[in-house]
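Subject: Model handover and findings

Hello,

Here is the structure I promised to pass on. Please open it alongside this note; my findings follow below.

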Amino acid sequence: VYVIDKSKIHEKLYNDWTDIIVQDFLDARVGISGLVDGFHEINVYIVNGKFAGTRIKTPPKGEFLMTTTGQQSDGVSAFGLHFRQIPKDLWQIVQQVDKQFHMFTSRLYRADFMNTSQGYRLVEVNTRPGLMHADKEGKDFYSYFNDAVVNLLS
């Protein structure tokens, strides 16, 4: 991950743009009051429009990347949240996102956000989120999503 000022991005910046992705940098240093200080990502799991778990991931100190596999390694940390811990303004945004998918009768996804000085920003929607694990999200949290998936398939 490289942070480059927009004014310095031009066609000849790279000889080969094949494996290059350019996106706006979301400055999540503001953290989430009462939950996390500094850079973070908050993942909200949804099954059929209902809460199915939430976790916060933080990168190693001085880094931006929280791994592509979601594994806790090299200083990446993750922890789960109960529904009552989700900031109300974030939950309102999650509900707006879910309205965009109302036409799908079976909805299972994870919406990833970062809190910035301009509020919560949607980073991506994962239509194939991995199962939660007791050793990553915590033994009190991993069953939210896993149980919701089992109930969906039952």
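Start at the strand pair. Aspartate 112 stands opposite glutamate 124 in β5. Strands β4 and β5 (residues 119-126) run antiparallel and are joined by 7 bridges. Strands count as paired if DSSP finds at least two bridges between them. A hairpin of 2 residues connects β4 to β5. Helices (H or I, at least four residues) and strands (E, at least two) are DSSP runs, numbered from the N terminus.

Some ground rules. This is a predicted model, in which local features need pLDDT of at least 70 and side-chain atom pairs count only at pLDDT 80 or more, while totals for chains, interfaces and linings use all residues. Residues are numbered from 1 along each chain as its sequence is written, and side-chain values use heavy atoms, with hydrogens and water left out.

Helix α1

The 12 residues of α1 should span 16 Å at 1.5 Å a residue, and the end C-alpha atoms are 17 Å apart, which agrees. The expected span is 1.5 Å times one less than the number of residues. Leu90, Trp91, Val94, Val97 and Asp98 are buried in α1. These residues cover an arc of only 110° around the axis, which puts them on the same side of α1. The arc is taken from the directions from the helix axis to the C-beta atoms. Lys88, Gln96 and Lys99 are exposed on the other side of α1. Buried means under 20% relative accessible area, exposed over 50%, and partly exposed in between (1.4 Å probe, protein chains only). The buried residues of α1 pack against β1, β2, β4 and β5.

Cores

A nonpolar core is a set of buried Ala, Val, Leu, Ile, Met, Phe, Trp, Tyr and Cys residues joined through side-chain atoms within 4.5 Å. The largest has 17 residues; Ile42, Val44, Leu90, Trp91, Val94 and Phe113 touch the most other members. Two or more residues come from each of β1, β2, α1 and β4. The largest share, 4 residues, is from α1. Leucine 90 touches Ile42, Val44, Phe113 and Tyr120, leaving out residues up to four places away in sequence. Contact means heavy atoms within 4.5 Å. A second, separate core has 7 residues, including Tyr45, Val47, Met132 and Val149.

Helix α2

Phe145, Asn146, Ala148 and Val149 are buried in α2 (residues 143-153). They fall within an arc of 160° seen down the axis, so they line one face of the helix. Val150 and Asn151 are exposed on the other side of α2. The buried residues of α2 pack against β1 (41-47), β2 (50-58) and β4 (108-116).

Aromatics

The whole structure holds 7 aromatic pairs. Rings of Phe, Tyr and Trp (its six-membered ring) pair if their centres lie within 6.5 Å; planes under 30 degrees apart count as stacked, over 60 as edge-to-face and the rest as tilted. For tyrosine 14 and tryptophan 17, the ring centres are 5.0 Å apart and the planes are at 90°, so this pair is edge-to-face. Phenylalanine 51 and tryptophan 91 have ring centres 6.5 Å apart and planes at 70°, so that pair is edge-to-face. Phenylalanine 51 lies in β2 and tryptophan 91 in α1 (residues 88-99), so the pair ties together parts that are 40 residues apart in sequence. Tryptophan 91 is buried, at 14% relative accessible area. Phe51, Phe83, Trp91 and Tyr144 form one aromatic cluster.

Best wishes
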